[in-house]
Amino acid sequence: MVRPQRQHQPGLPVSGHAAPQALPAIPEHHDAAAGCAAAHEHGCPELCGHEPQYAALGAARQAALNPCDARTRHGCGHGPCGRGSGPRRELMLAGPRLTPFRRAFGSCLANRAAHRGGRASSVRGFLASRAPAMAKSKFEYVRSFETDDTCLRNCYIVVRLDGRNFHKFAEQHQFTKPNDERALGLMTRSAHSVMEELEDIVIAYGQSDEYSFVFKRSSHWFKRRASKLMTHVASQFSSSYVFYWKDYFGDQELKYPPGFDGRVVLYPSNQNLRDYLSWRQADCHINNLYNTVFWTLVQKGGLTTSQAEERLRGTLAADKNEILFAEFNINYNNEPLLHRKGTALVWKKFNETVTKPVKRASEEQEKEVVVTRSRSRVVALHCDIIGDQFWQEHPEILEGES
Ligand code: DGT
Ligand code: MG
Ligand code: MG
């Protein structure tokens, strides 16, 4: 959705905000998490920006509703919260500490933070970053150069990362061919970190040098801004890859910092999402079958890489299975599931039992009480995700389609 830009009204008086006029009720599709409800309550519907009719309000009505200009310094730009305006407020906003007065402004400022894509909860951070910048309001116009990359609602958001030039990276770090358990393990450890550190990822799927992360379709994390989601995934993954390197490669040196590209794709239906994940697993199967036969021909059959390539030109899956079985006594179906199916990371619930010291009013001594809590942890599965069985066993991944 392209949100209407908030209209500032340069030249309006600093104080003397007009009372807001009666406004329509908040439509149901507005999202309380996005600060819409609070924005409406304050008579600032344009802060929430979801309703096109507000964008069409005339300049005079906009001004009456929200006589905001850079000089007012009022967090949300209007008077109804009744905290006054003018130089006293400017002084307080400029100070480094969060005074009770500034706390009282929290909700207005949070609305504004939410409107601008910040986190409403971080009022203190917002105040700190906002106050000095507002003095240079003539530069504010540069904000309008930013493009809106909000992901369409009701769609699963998939972020796929892929190792940059991993052909070379694998050579330089002597990855075993065709599959290196250490490299695959490190990829999955990094993906695990992404799932634990970031919010709303319901499943991740990885193979070779790539990992896909699926955000739940109702996610409102970072206001569904594609660039925020993608860069958080890519940076968390990359830093984890370096951080956990030694856990998988021991003393073997990491010769240079690896990089990962990222892309965001939206899938509107459960079937589309399943087809996407099926596509990646089918890709894993096709590549792994080819690579297994290719390197078997080279490593066990004594062929050069060019000869192996020539031998496999034009062969179908059945031919490749036959080469493995007839010439090398290898049943491809007995190859490790990790290599044939890749890795799916999902959340699994478990009960955690802990003992807690509890002191009741009627008792003098503390007592140890056993408490059972439901927790979730990430588990790695190497199984088929194309058929129905996986989805029946993990019904929590897909959301209902209304
Ligand atoms: P890109 O993604 O366009 O920057 O280029 P690459 O070189 O990363 O190409 P890509 O992503 O299509 O292929 C992945 C490469 O990573 C492929 O050349 C083989 C290598 N690779 C991934 N996992 C392993 C492994 O476990 N062992 C070995 N030997 N190589 C691996
Ligand atoms: Mg790559
Ligand atoms: Mg790749």
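The paragraphs below move from the whole chain to the surroundings of the ligand and then to a pair of strands.

This is a predicted model, in which local features need pLDDT of at least 70 and side-chain atom pairs count only at pLDDT 80 or more, while totals for chains, interfaces and linings use all residues. Residues are numbered from 1 along each chain as its sequence is written, and chains are lettered from A and ligands numbered from 1 in the order in which they are written.

The protein chain holds 17 helices and 6 strands, taken as DSSP runs numbered from the N terminus (helices H or I, at least four residues; strands E, at least two). Of its 402 residues, 26% are buried, a residue being buried if 20 or more other C-beta atoms, placed from the backbone, lie within 10 Å of its own, exposed if 12 or fewer, and partly exposed in between.

Around ligand 1 there are 15 residues, of which Phe-166, His-167, Ala-170, Phe-175 and Asp-180 come nearest; a residue is near a molecule if its C-beta atom, placed from the backbone, lies within 6 Å of it. At least two residues of this shell come from each of β1 (156-163), α9 (166-172) and α10 (181-197), and α9 gives the most, with 3 residues.

Strand β5 (residues 343-358) pairs with β6 in the antiparallel sense over 15 bridges, where pairing requires that DSSP finds at least two bridges between two strands. Within this pairing, Glu-352 has Arg-373 of β6 as its bridge partner.
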